[in-house]
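Welcome, and thanks for taking a look at this one with us. Please open the sequence and the model side by side before reading on.

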Amino acid sequence: MLFTSLDFFVFLAAALALFGLLPPRHRWLGLLAASAVFYGYTHPSNLLYLGGVTLAVLACERVLRAVERPVARRGVLACGLAAVLGSLAFFKFGGLVMERVASPAGYSFYAFSAASFLIEAYRNKVPEPRGAGQVALYLAWFPKILAGPIERATTFLPRLALPRADPAAVVLGLQLATWGLFKKVVIADNLAPFVDKAFGIVPYASAVDLLVSVYFFAFQIYCDFSGYTDIAIGVSLLFGLPLMENFRRPYLAQSTSEFWGERWHISLSHWFRDYLYFPLGGSRAGAVRTYLNLMVVFVVSGLWHAGLGYGAVGWTFLAWGALNGLYGWAGLATRPLWRRLGEKLPRVRASAALAVVRAVITFHLIAIAWVFFRAKTLGDALTVLRRLADKAAELPGLVARYPFTTDHYAAMALIVFLVAVEIVDERRSIFERLKAAPVALRWAAGYAVIFALLLLGRWQAREFIYMQF
Amino acid sequence: MKRLAACALLFAAIGLALYAAVYYASERLVQRTAHANPFHKIEARGDADWVILGASHAMALDFGDSNDRMQRATGLAIVNLAATGTGPLYNRFVLEEYLRRHRARNVLYVADAFTFYSKAWNEDRFADAKLIRRTPFEPAIAARMWRYAREEGVDPRAVLDYVSGFSKVNNRERLQRDAWEAEAQFGRTYRPSASVAAKRIAYLYPDGTPAAALDRYLGELDDLVAVAKGAGARVVVIKLPLPDLFRGKLPDEAAFDARLAATLARRGVAFHDFSASLSDPRFFFDSDHLNRAGMEAFFARELKGLLEGA
């Protein structure tokens with residue numbers, strides 16, 4: 001069920017009614033039932049996969065609670081992780097050795113949650129047992145099941161005791177969900193046709209088409225994915241269950257390490273950091289290992305995306321991961337330089353102009369990497385970059401002569417609007433500002449977003465990009 | 001929480017009032033721009049000697065000034081209510097609305113085999129935002145659509161969309177005239193391409209040629225004939241010319257023709273198969289639609305006599 005479909009709105013109203021009718025102690029049961037309906041709505045067989053993962057996790061957790069010998073505990077953890085992550089690998093790459101089995105929607109996301117749960121259980125950090133149902137709800141919670149955020153059991157499970165939505169949370173939830181819808185339906189889906197056209201047959205696209213598409217895709221994927229997350233967090237708040245922040249104005253990042261570590265898909269970054277980077281030694285095992293560990297994390301991330309590439313193997317995603325790993329290496333190598341600059345020229349280091357320049361450079365580095373993410377083949381990605389490099393000197397003239405349409409200008413205006421909102425939001429949350437604003441202004445902003453959704457939104461059920469992973 | 005509920009109600013009430021205003025403006029725009037929509041034509045036109053029904057192939061009979069020229073040449077009032085990708089179920093829906101408001105002496109149904117093999121060209125067409133957003137609001141149409149939702153398997157969301165006006169409010173082409181983009185190519189001449197024809201056929205037959213679907217939609221055509229006859233109109237069914245390359249690739253066409261002819265014979269309906277009468281690619285603007293030259297040649301050779309013979 002897509003967040004942008006009429007079915008979802010009807011479902012949500014019914015789920016909220018059920019939530020309101022149930023006594024707080026038993027609300028989790030209603031939420032579990034609603035999640036099962038949501039996840040099994042289009043493909044009831046999805047519930048079998050979810051049920052399988054849940055049973056595997058519960059079984060391992062029970063054994064971990066009962067067993068004390070470290071070797072045995074490690075064995076149980078290894079079995080559990082092998083089952084969960086092995087099945088994920090099977091869905092991703094099984095097609096290479098046998099007939100491909102289609103991955104159920106959102107499998108990666110609850111597999112990551114399941115792995116996180118098992119590791120935390122192994123570390124004895126999962127709160128006291130709350131029954132199989134609540135663990136099942138942790139994995140199945142419908143706002144996050146299809147594309148995250150990848151919530152941790154340590155924070156999520158305690159909230160299930162007495163979920164209660166207070167008025168402030170409901171208002172914030174509605175605002176977030178509406179803003180998320182705006183990002184997805186108005187911005188991302190209005191940029192998509194330009195990107196689809198240029199990346200559809202790369203050799204036929206002009207240099208300006210490609211340039212526009214590279215910029216547009218950077219904002220399309222951001223608005224698509226963060227829009228989904230905002231809706232998920234907003235909807236979850238309506239039920240009194242806060243989810244973790246997953247995006248923090250990523251294109252204002254001043255370095256690629258800040259982009260990946262603190263601003264983009266934060267829940268996955270933290271997952272990789274806690275369960276892969278740190279166990280590998282992180283940055284405390286010497287310089288060489290630090291570089292190696294960093295690259296491993298990005299390549300594994302690329303590998304995760306790669307399984308469902310547009311071709312048999314998504315080499316483009318591997319290239320995307322490796323390129324971001326190289327950015328990470330460059331960041332590590334230049335870190336002492338920045339430190340020295342800060343010491344010698346503290347005013348320059350702290351200047352707004354430098355911050356802007358760094359943000360612009362970071363954005364372009366990330367946008368170049370997105371070309372590999374979006375292109376169907378490595379050849380296409382390299383063609384895009386080569387064409388843009390070859391025409392770099394002529395581009396200003398070509399852009400000036402390009403027959404931009406009203407749709408182009410509308411798309412650019414939406415991007416400018418988004419960036420302006422994010423800059424304002426960076427200083428102080430836009431929702432906090434709204435809370436402090438006069439009611440007329442607050443409501444006017446609400447109507448403006450809602451009617452932009454109605455008048456400009458593309459509602460023809462375009463899937464969220466990250467649901468395919 | 002009570003204060004929040006009161007605020008929410010007020011917010012929703014103001015929002016609904018604003019929506020009503022936007023809906024009204026959108027409906028007015030539809031009145032100005034929806035010239036090609038069959039329901040707009042029903043509203044704009046009166047009684048007719050001939051009502052033409054069918055899918056996009058039949059629409060070519062109304063491209064440019066073709067319909068006016070046919071009317072001048074025959075001295076007959078002709079209303080073309082064909083719409084892209086619509087099968088017998090949608091066409092019955094259109095015909096019922098026409099006959100509710102006007103009288104027709106004859107109905108010319110242009111049969112395309114593909115429309116008899118998939119719900120994509122029948123039940124699903126009711127939910128197509130492109131059709132809904134250009135259909136003027138009329139309580140009788142809404143009521144009939146609801147009946148089709150209950151009895152014919154049309155998605156109730158289509159009724160909700162039509163009644164709420166969502167597709168009209170959300171229409172991104174709200175200021176443009178609703179001409180089918182292919183109309184701009186009406187003067188063009190087609191260069192035959194086997195791969196284009198094969199792709200087009202794969203698109204037109206998304207479910208293949210299932211026998212159950214054929215039974216169902218021949219039944220719908222039968223009902224359409226009954227509706228027309230019930231209103232005193234004579235029905236003639238034809239197949240329009242197609243290029244050899246395209247016609248040769250149509251799946252199970254002979255079997256379809258036989259079933260169609262048998263169904264129509266039971267009702268005493270005349271059936272004329274002109275599909276091979278004009279096979280030269282120069283008469284088509286794409287893989288399967290008549291261009292201006294094709295339309296004129298077909299009219300002169302076949303259609304004029306048929307219309308005047310009524």
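## Where the chains meet

The contact between the chains takes 9 residues from chain B and 12 residues from chain A, where two residues are in contact if their C-beta atoms, placed from the backbone, lie within 7 Å. On the side of chain B that touches chain A, helix α1 (residues 2-33) of chain B gives the most, with 4 residues. Sorted by class, that side of chain B has 6 nonpolar, 2 polar and 1 charged residues. For these classes, Ala, Val, Leu, Ile, Met, Phe, Trp, Tyr, Cys and Pro count as nonpolar, Asp, Glu, Lys and Arg as charged, and the others, Gly among them, as polar. Helices (H or I, at least four residues) and strands (E, at least two) are DSSP runs, numbered from the N terminus.

## A word on the model

This is a predicted model, in which local features need pLDDT of at least 70 and side-chain atom pairs count only at pLDDT 80 or more, while totals for chains, interfaces and linings use all residues. Residues are numbered from 1 along each chain as its sequence is written, and chains are lettered from A and ligands numbered from 1 in the order in which they are written.

For the complex, the predictor gives an ipTM of 0.80 and a pTM of 0.87. The mean pLDDT (the predictor's confidence in each residue, from 0 to 100) of chain A is 90, and 96% of its residues reach 70 or more. Within chain A, confidence is lowest in helix α15 (residues 346-349), at a mean of 80, and highest in helix α10 (residues 207-238), at 96. For chain B the mean pLDDT is 92, and 100% of its residues reach 70 or more.

Chain A has 21 helices and 0 strands. Its C-alpha atoms fill a box of roughly 70 × 60 × 55 Å, taken along the principal axes. The radius of gyration of chain A is 23 Å, which agrees with the value near 23 Å for a compact globule with 469 residues. The radius is taken over C-alpha atoms, and the globule rule is 2.2 Å times the number of residues to the power 0.38.

Chain A is divided into domain 1 (6-164) and domain 2 (169-259 + 281-468), with bounds that come from an automatic or database domain assignment. The centres of domain 1 and domain 2 of chain A, taken over C-alpha atoms, are separated by 28 Å. Their contact takes 22 residues from domain 1 of chain A and 20 residues from domain 2 of chain A. On the domain 1 side of this contact, α1 (6-21), α4 (70-93) and α7 (142-145) of chain A each supply at least two residues. The largest share of that side, 3 residues, comes from α1(A). By class, the domain 1 side has 12 nonpolar, 5 polar and 5 charged residues.

## Chain B: overall build

Chain B has 14 helices and 5 strands. Its radius of gyration is 21 Å, close to the 19 Å that the globule rule gives for 310 residues, so chain B is as compact as a globular protein of that length. The C-alpha trace of chain B spans about 75 × 45 × 40 Å along its principal axes.

The domain assignment of chain B gives domain 1 (1-32) and domain 2 (34-308). The C-alpha centres of these domains of chain B lie 37 Å apart. In their contact, 7 residues of domain 1 of chain B meet 9 residues of domain 2 of chain B. The domain 1 side of chain B has 4 nonpolar, 2 polar and 1 charged residues there.

## The sheet of chain B

Let us follow some of the pairs. β3(B) and β4(B) run parallel and are joined by 5 bridges, and B:Leu108 stands opposite B:Val236 in β4(B). Strand β4 (residues 234-239) of chain B also pairs with β5(B) in the parallel sense, over 4 bridges. There, the bridge partner of B:Ile238 in β5(B) is B:His272.

Notes: Pairing = 2+ DSSP bridges.
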